[in-house]
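Please consult the sequence and the coordinates alongside the text.

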Amino acid sequence: MLKSKTFVKKTRSGGIMKIVREHYLRDDIWCGSEVCTECKQEETVLQKDACIESNLCSFPHYLLPDTNIVLSQIDILEDPLIKNVIILQTVLQEVRHRSAPIYKRLKDILHDKEKHFYTFTNEHHRETYIEREQGESANDRNDRAIRISTKWYSDHLNNTPTDKRLKVVLLTNDRGNKEKAEESGLLTYRCEEYVKSLIANPELVDRLALTNDDKNEITSSKVLFPEHLPLSRIQSGIKSGTFQQGTFRASRDNYLEATVFVHGEGDDSTEVLIQGLQNLNRAVHQDLVAVEILPLNQWVAPSSVVLQDEGPKEDDVTEEEEAELKSGPSGAASRKPTGRVVGIIKRNWRPFCGMLFLSQIKEATRHLFTPADRRIPRIRIETRQAATLAGQRIMVAIDGWPKHSRYPNGHFVRSLGSAGDKETETEVLLLEHDVPHQDFSQAVLSFLPKMPWNITEEDMAVREDLRNLTVCSVDPPGCTDIDDALHCRDLPNGNQEVGVHIADVSHFIRPGNAMDLEAANRGTTVYLTGRRIDMVPELLSSNLCSLRSSVERLAFSCIWEINDKAEIVKTRFTKSVINSKASLTYAEAQMRIDDANMNDDTTKSLRGLNRLAKILKKRRIEKGALTLSSPEVRFHIDSETHDPIDLQTKELKETNSMVEEFMLLANISVAQKIYDEFSECALLRKHPAPPPSNYDILNKAAKSKDMVIHTDSAKALADSLDAAQVDGFPYFNTLLRILATRCMMQAVYFCSGMDSDFHHYGLASPIYTHFTSPIRRYSDIIVHRLLAVAIGADSTYPDLMDKHKQSALCNNLNYRHKMAQYAQRASVAYHTQLFFKSRGILNEEGFILFVRKNAIIVLIPKFGLEGTVFFENKDKPSPKLIFNEEAPSLTVEGHSFNMFDKVKVTISLDASNVQHQKIRMSLVEPVISGVSVAPSEPEPEVKRAKLDR
Amino acid sequence: MATVQVSEAEKVYILHGVRDDLRVDGRGCEDYRHMEIETDMVSNTDGSAKVTLGHTDVLVGVKAEMGKPRPMVPDEVHCCFAWKFEGRGGDELGMELSNTLYKVFNNRYSVDLKSLCISPGEHCWVLYVDVLLLQCDGNLFDAISVAIKAALFNTKIPKVHISEDEEGGKEIELSDDPYDCMRLNVENVPCIVTLCKVGHRHVVDATLQEKACSVASLIISVTHKGTVTCVRKVGGGSLDPESIFEMTETGKRVGKALHAPLMALLQEEESLGKKRQKVGFLG
């Protein structure tokens, strides 16, 4: 039967279009129930004995939720307890339209065989299809469609001869809908009613999202926040310029302060400061908000005070703290544009990891939840299992933030495990940094090559056979995903041939398939201490793509002819087959080079490479490439317990820089090649020059030692950094370089068609890309594909040549790389804590890296560890502090601290807050009475006082 | 235009018949053949109608699109709309049809142009009328004009309203209820009556055979009040002023008589709403 669906819509150009779609109704859509004898279905989804202990429905029943239930209570539906649910097509479509993430979760449930969720395509069923009537809104029509389908199901199931007890229960929170459904004799409950009736499983109630009705009960009538403006007002306000639109970023250190990053036209973006609970107006980190800029006389300066929301303050405005906040520097110069949030354009809530902060009242069911991310406010949740959840890491979702509630309301999603447990902590770390770390799905794995895998005749036919070359790889110890190998040999004409061979990952990952999409989404492999989250399945990363020794592997080679002065005579790229002769570590390679007794081919090759690399490096540095340093920490992990037993900063050998040098060379050669070939859609990497103001801190630091750092160009910076030496203070130069690193901008991927500035500041190269690590970076896969097309080794596909799609991909890659870095740092920090936990309290020497208003930040070179020494203490009267912003210096009780001063500190682990365990440093030397502590193990009382703050 | 070959004897027979007010198919000189009208035939137009007159079969679709009014339109009328007729089956026929129809309908009295105005000087509805000839058995103009009138009657234009923000920027908003639409007032839309001079008399709704016997015909467009809005002579022969006057009078009379039952019929069909049995193209 044919029906047509007609609707009118507005086109983007402003026209109005009438759209007619054909809509076919069928009579062969089955009900999916096991009991049904009428339907000729092959497989059934809904079970015969759909029993769940409920004091409302004692009979077996199927649930049929309406759209709003699915949207708000997806956590309930995800619970393994809830089975035998009918999801109508109407509901599915509406969910898809309203929320993509929830749609995805619903689809996942539908695919899960254990859950027995059935999609009933009621819109195409002859008996359940309805047309919209005159004067009926789209929502009313859908509600009616849901009722009609429920009715159909109950009648249909009643017709079955076997079991007449089976019923369908409609779940809806909409009062009108419920009444109408009851009128037509349907069994209808509100979601809360139903979930609370499941007496055998009371824990499910915790996962209920709070709906509007419930919120009223919880909160007092006192209105704490101004009303949010409706979207239409916001939109017209933004258009007229009275409001600005931007991303809300809460401050990590001060819960009463935030900035809104307003994207202007072009590069013209500003940051608007928001201060005070009222002005923040319930915006949560990462929300898209509308702000109103306050008049100039109300502008303030960002406070440099560290403020944390402590304890559950029940709905009282913390005037005291706000007063403290405002007492910041009032110098007109430091004032920034200040505004207030008038409305929320789009919430960006996700489930948050954190811990429960138990209510002091025993038997209370409402508790505050403290998220691990300090930028997220505490969330009030209702739970009956508080006792069990205490001490566990849990996930909580926000449901809403009414205007008379101090904290947002939320509900419990799931427990991640007990706090302090390494597994749990890693899980939290990954979730908080949005690192996709699930196991690869079957769909992804299905695209793996079949084992045993061999290089076929066809492969050999199109590839250059380089198996006879003396290729070797040099990597850190324990590396299983080897993506680069090198060779070097003399040519008859006196020149040398150097080859960089990169694993040919793009041979295995074909564009557009599930594995490709997954890799594109992950963007990068994430290396945590003691764990690696792969971008591509392990079979590829550690086996088929990994250029291990003595096996034949596919490679993408970049081969140069280089003369004696390390100048490139000729460059060529080719797909090849190689057979690596040795997989060396940096140390092993270094040993071979240094050992005069070794004269095999591999060693000779290494020596040749090393010689050329030194010339290349020298030339690069002459051009102004920066060598910055940032202490990298490495753990010695106990093989049994996987706990760190020793900690040291990574040491760099000559061979490290040898490999690096050739990788840079390959990347630059490839970047040039793909840009020449595809000027519009080459994926490149750039590193913008930092704005001069970024160097302020570096200049001030140098001035304190009577030195001048020239920052007008990369070359000048590199030269003046080299010149900056202080006698008897060898670490000074490193410190300065660490500071310089902090001044730099982030390097980013971009699509050449979308940008004009390609320069890579740090490497002093006019063009750069990533080619050499396709196993762990998706950008390299794209570059491989581009290069393969450029040399005619592979075919192209539309998305590769679409600069907008490329650009979108770059954004994702940049985001993933950033998050991966944060996750790595967090992982190092966590393991550092574990290390110090096992080592107890240590006394170490360090240098002052930064001076703050109430603290100094100290770097311990031995551990590459950075920590903060606070001079203010809640329990004690704070010492006299004088902060000089210009120098910068901080004078504590007469002793002044300058940058780079040498201090001695005790390091201990502050475990008072399980969620935010941190390294606590306290001053030992210089001795300042009332501030510094005794060098050896401090007495317990003193220690506790320190820890409790 | 499609022609048939008629022998001398047939011609004499037809001429004599007309003289005696009895035509080959038994009609009088001022009678139309059996006419069938069905509206809402094509769902992706805003209004459509199919008219069958004898074996002549035409389908008309009306599409409304948003457009800009032409600047040279007189001040008092802020809106305008263009008719585009695209004939099929020969450029010449197409040209002739579209020229004639343009003359007949493109004036501000046929349809209330103000109702098509969205915002003066900026937006208006432009109506596009597509005519499709399915079969031709004489008297195309009359059939087309009836079909156009029926299609315009059937036309449902989605309601829009202009919202204005503080800055004076205008935004067109579309009602999300598909039933919420505007109808056109088609009362003044004229119908064409084609009169063929056969011998000394004239006939309406000539068949192809009668047309072959005629030297000239007069196309007269008449409103429901009997106002003649356009007169046009087609064909190779000449007409004397006297018979033009006579023919115009007949045209007025016939035209008036055509409008009333047409409107009644359209209204009746409309009132049936969704219950109406659709006939479609195969019925």
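This is a predicted model: local features need pLDDT of at least 70, side-chain atom pairs count only at pLDDT 80 or more; totals for chains, interfaces and linings use all residues.

Residues are numbered from 1 along each chain as its sequence is written, chains are lettered from A and ligands numbered from 1 in the order in which they are written, and side-chain values use heavy atoms, with hydrogens and water left out.

**Chain B overall**

- The secondary structure of chain B consists of five helices and 13 strands; helices (H or I, at least four residues) and strands (E, at least two) are DSSP runs, numbered from the N terminus.
- Chain B has 283 residues, of which 48% count as buried; buried means under 20% relative accessible area, exposed over 50% and partly exposed in between, with a 1.4 Å probe and protein chains only.
- Among contacts in chain B between residues at least 6 apart in sequence, 69% join residues at least 24 apart, a contact being heavy atoms within 4.5 Å.

- Strand β10(B) (residues 191–198) pairs with β12(B) in the antiparallel sense over six bridges, and B:Cys191 has B:Val222 as its bridge partner; two strands pair if DSSP finds at least two bridges between them.
- Strand β13(B) (residues 228–234) runs antiparallel to β12(B) and is joined to it by six bridges, with B:Lys233 as the bridge partner of B:Leu218.
- β12(B) and β13(B) form a hairpin with five residues between them, and B:Gly226 in the turn has a positive phi of about 95°.

**Helix packing in chain B**

- The axes of α3(B) (residues 140–154) and α5(B) (residues 241–272) come within 11 Å and cross at roughly 35°; axes are lines fitted to C-alpha atoms, for helices over the stretch in contact, and angles run from 0 to 180 degrees between N-to-C directions.
- The contact involves B:Val146, B:Lys149, B:Ala150 and B:Phe153 of α3(B), and residues of α5(B) including B:Leu258, B:Leu262 and B:Leu266.
- By class, this contact of α3(B) with α5(B) has seven nonpolar, two polar and two charged residues; Ala, Val, Leu, Ile, Met, Phe, Trp, Tyr, Cys and Pro count as nonpolar, Asp, Glu, Lys and Arg as charged, and the others, Gly among them, as polar.

**Cysteines**

- A search of the whole structure finds zero disulfides over all chains, a disulfide being a pair of cysteine sulfur atoms within 2.5 Å.
- The sulfur of B:Cys196 is 9.8 Å from the closest cysteine sulfur, in B:Cys213, which is too far for a bond.
- B:Cys196 counts as buried at 2% relative accessibility, and B:Cys230 counts as buried at 11%.

**Barrel of chain A**

- Five strands of chain A close into a barrel in the order β13-β14-β15-β17-β16, with mixed pairing.
- Neighbouring strands of this sheet are turned by 55° against each other on average, direction ignored.
- β13(A) (residues 352–357) and β16(A) (residues 392–400) pair in the antiparallel sense over four bridges, and A:Met355 stands opposite A:Arg393.
- Helix α13(A) (residues 422–432) lies across β13(A), β16(A) and β17(A) (409–418), running at about 135° to β17(A).

**Open sheet of chain A**

- An open sheet of five strands in chain A has the order β32-β31-β30-β36-β37, with antiparallel pairing.
- β32(A) (865–870) and β37(A) (918–925) stand at the edges, each with a single partner strand, so one side of each is left without a neighbour in the sheet.
- The twist averages 45° from one strand to the next.
- β31(A) (residues 855–860) and β32(A) pair in the antiparallel sense over six bridges, with A:Leu859 opposite A:Glu866.
- Helix α25(A) (residues 803–839) packs on the sheet, touching β30(A), β32(A), β36(A) and β37(A), and its direction makes about 55° with that of β37(A).
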